[in-house]
Amino acid sequence: YDGEIAFTDEHIAKIEQHLKQLGPWDETLIVITADHGEEFLEHGGWWHGKTLYEEQIAVPLLVKWPKNQVVAPPRADDHPARHKDVVPTILARAGAPIPPAMQGRDLAVPFAERSDAERMHYAEEDHEGNVLRAIRTKEWKLIEANEGNPRGLAPVELFAIDRDRGEKQNVADTEPAVTAEMREHADAQGQLAASQAVEQGEQAKLTREECEKLRVLGYVEDCDSVN
């Protein structure tokens, strides 16, 4: 891993040097991120792809903004960005339209202007019999796993992520109201994603009742078009 980091760092430096030599460095948007992290026994396992703990899904995101094009947002340490925000950000800087079916939000939009739903971070996993989902706010993180999963994960875990960054103390039993609220938002995120499938994908149809639940939680503005 140390070797891979050194290799990547060296070649990113070469790209930077080359762009500066050619001239377009100041006008270039550069986004560097990762697809996943790795587990090193933080929660009793190795490798990746079988849990949704932070060591696996909280990955680096570095953005070099084009000079004078946008006011660069502050560091996102206190409000993590989402992978699905990356493509809308790139399209916006390129002046290309963002397809209506595309999920995510331009990262240049100030965090304070995002809706409560857009400030939450949703993740899913279905690998080797481990079917998981997680949702996180600034204060809380809920992880749900299928019963009898091969990884041996608890069916429900709730962490006070602002105080328990290592996700060591499961407080689902002592915070039932928070667990229920987070589960509602996880349901809403999944339903919303299914109803806004990418173009040419098969879209799931929301019932009026489902749409009203999403509206109350702030995920849709109205349900007039839903039968």
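## Overall build

Among contacts in the chain between residues at least 6 apart in sequence, what percentage join residues at least 24 apart? In this predicted model, the share of such contacts that join residues at least 24 apart is 47%.

The chain holds five helices and eight strands, and when followed from the N terminus its elements come in the order α-β-β-β-α-β-α-β-β-β-β-α-α. Of its 227 residues, 33% are buried, while the accessible surface amounts to about 14,200 Å², with 53% of that area belonging to carbon and sulfur atoms.

## The second largest pocket

Rolling a probe the size of a water molecule over the atoms shows where empty space is left. The second largest pocket has a volume of about 670 Å³, and among the 21 residues that line this pocket, those closest to its centre are Ile-5, Thr-8, Thr-33, Ala-34 and Pro-60.

Helix 1 gives the most, with six residues. Sorted by class, the lining of this pocket consists of 11 nonpolar, four polar and six charged residues.

In soluble globular proteins, nonpolar side chains tend to be buried together. In this chain the largest nonpolar core has 11 residues, namely Met-120, Ile-135, Trp-140, Leu-142, Leu-158, Ala-160, Val-171, Ala-172, Val-178, Met-182 and Ala-186. Helix 4 (residues 176-195) provides the largest share of this core, with three residues. Apart from this core lies another one, made up of nine residues, including Leu-132, Ala-134, Ile-143 and Leu-153.

## Backbone at two glutamates

Which values does phi take at Glu-128 and Glu-167? Although Glu-128 is not a glycine, its phi is positive, at about 50°, and this residue is found in the loop between strand 5 (121-127) and strand 6 (130-136). Glu-167, which is likewise a residue other than glycine, has a positive phi near 55° and sits in the loop between strand 8 (156-159) and helix 4.

Is Glu-167 buried or exposed? Its relative accessibility is 2%, and because the cut-off for a buried residue is under 20%, Glu-167 counts as buried.

Conventions:
Residues numbered from 1 in each chain as written. Predicted model: local features only at pLDDT ≥ 70, side-chain atom pairs only at ≥ 80, totals over all residues. Heavy atoms only, no water. 1 Å grid on protein atoms, 1.4 Å probe; cavity = no way out; pocket = protein on both sides within 12 Å on 5 of 7 lines; lining within 4 Å. Points joined across faces, edges and corners; volume = space filled by probe spheres on them. Helix = DSSP H or I, 4+ residues; strand = E, 2+ residues; numbered from the N terminus. Nonpolar A, V, L, I, M, F, W, Y, C, P; charged D, E, K, R; others polar. Core = buried A, V, L, I, M, F, W, Y, C linked by side-chain atoms within 4.5 Å. Buried < 20%, exposed > 50% of the residue type's maximum accessible area, 1.4 Å probe, protein only. Contact = heavy atoms within 4.5 Å. Areas by Shrake-Rupley, 256 points an atom, 1.4 Å probe, with all protein chains shown as cover.
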